[in-house]
Amino acid sequence: MEENILEIRHLTKDYGAFRLEDVSFSLPRGVIMGLIGENGAGKSTTINCILGEVEKTSGEIALFGQDQAAWERENKGRIGVVFDENHFPDLFTPRELGQVMAGVYPRWDGGTYRQFLTRFSLSEDQKIKDFSKGMKVKLAFAVALSHGAELLILDEATSGLDPIVRDEVLDLLRDFVQDEDHAVLVSSHITSDLEKVADYITFLHQGKLVFTLEKDVLVDQYGILHCGAAGFDALDRADLLAWRREEFQYTALVADRFQAEKKYPQALVTPAAIEDVMLFYVKGERT
């Protein structure tokens with residue numbers, strides 16, 4: 001069995017006004033990867049290229065060890081997708097939706113689907129139009145996890161959900177990859193959720209790949225250096241990934257906070273959250 005469930009090599013999509021440029025990363029089985037970046041960074045474009053919803057300009061995408069374009073039809077059933085908006089007919093009930101999905105997915109499991117409906121307290125006979133946003137997201141997960149999917153892709157699926165529902169979703173993701181045969185790619189602006197469940201973080205900024213890193217490396221080693229103007233002038237710019245001038249101090253992002261503490265003992269160095277890293281790259285200055 002292939003080690004990587006998804007491989008992207010030099011992916012480029014040129015819309016004219018926006019260009020996703022030379023993006024490469026791999027998603028191993030048994031892994032949850034968070035996809036982060038500002039609005040318009042290229043996250044949805046990347047996902048749509050993976051799903052074959054838009055045609056890439058150049059590059060390669062392999063799913064399950066096979067070329068994505070050549071095997072798109074065969075691979076559809078092996079991917080579960082949850083978006084931030086409901087894509088099911090509002091006049092359907094979950095029972096009717098399950099009957100439709102049984103004709104769509106060869107490996108549809110009606111028993112598993114009904115178990116998820118029970119787990120999520122979703123009535124089989126209530127119209128989808130009467131569901132709350134959280135209930136619709138739960139329904140989407142029930143569908144995505146009931147047809148033998150090996151790869152689960154989430155595009156801002158938890159945005160606007162209350163913390164209780166989001167926590168349920170995070171539990172689902174952990175359970176899904178438990179057997180180390182499945183994988184999850186989750187695009188989200190809620191970086192605190194990714195800190196809880198992600199194994200890797202892939203960061204896109206202005207259509208380009210900034211990095212793909214292990215989440216633990218990111219949150220354990222990256223740091224924010226705080227100092228005054230005089231202290232900032234003495235810093236070696238090669239040690240700084242990005243920096244910001246604030247009202248009474250400078251702050252700078254460093255890749256190794258322990259090394260920075262030793263090299264600059266007069267400065268205060270604090271751990272950096274994933275959101276901090278993203279903000280420095282998007283709003284900070286760089287050489």
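Start by selecting Cys-227: with a relative accessibility of 11%, this residue counts as buried, because the cut-off for buried is under 20%. Keep in mind that you are looking at a predicted model.

**The strand around Cys-227**

Now select residues 223-227, which form strand β11. Zoom in on Gly-223: which residue in β13 is its bridge partner? The partner is Val-254.

Widen the view to four strands. They make an open sheet in the order β12-β13-β11-β14, with antiparallel pairing. Colour the edge strands, β12 (242-245) and β14 (268-271). Each of these pairs on one side only. Neighbouring strands in the sheet are turned against each other by 20° on average, direction ignored.

**Another cysteine**

Next, select Cys-49. Is it buried or exposed? Cys-49 is buried, because its relative accessible area is 2% and the cut-off for buried is under 20%. How many disulfides are counted in the model? The count is zero.

**On to Gln-68**

Select Gln-68 in the loop between β5 (66-67) and α2 (72-75). Gln-68 has 6% relative accessibility, so this residue also counts as buried.

Show what surrounds Gln-68. Finish on Ile-50: the side chain of Gln-68 reaches the backbone oxygen of Ile-50 at 3.2 Å.

Notes
Residues are numbered from 1 along each chain as its sequence is written. This is a predicted model: local features need pLDDT of at least 70, side-chain atom pairs count only at pLDDT 80 or more; totals for chains, interfaces and linings use all residues. Side-chain values use heavy atoms; hydrogens and water are left out. Two strands pair if DSSP finds at least two bridges between them. Helices (H or I, at least four residues) and strands (E, at least two) are DSSP runs, numbered from the N terminus. Axes are lines fitted to C-alpha atoms, for helices over the stretch in contact, and angles run from 0 to 180 degrees between N-to-C directions. A disulfide is a pair of cysteine sulfur atoms within 2.5 Å. Buried means under 20% relative accessible area, exposed over 50%, partly exposed in between (1.4 Å probe, protein chains only). A polar contact is a pair of N or O atoms within 3.5 Å; within protein, one must be able to donate a hydrogen and the other to accept it, and residues adjacent in sequence count only if both atoms are side-chain atoms.
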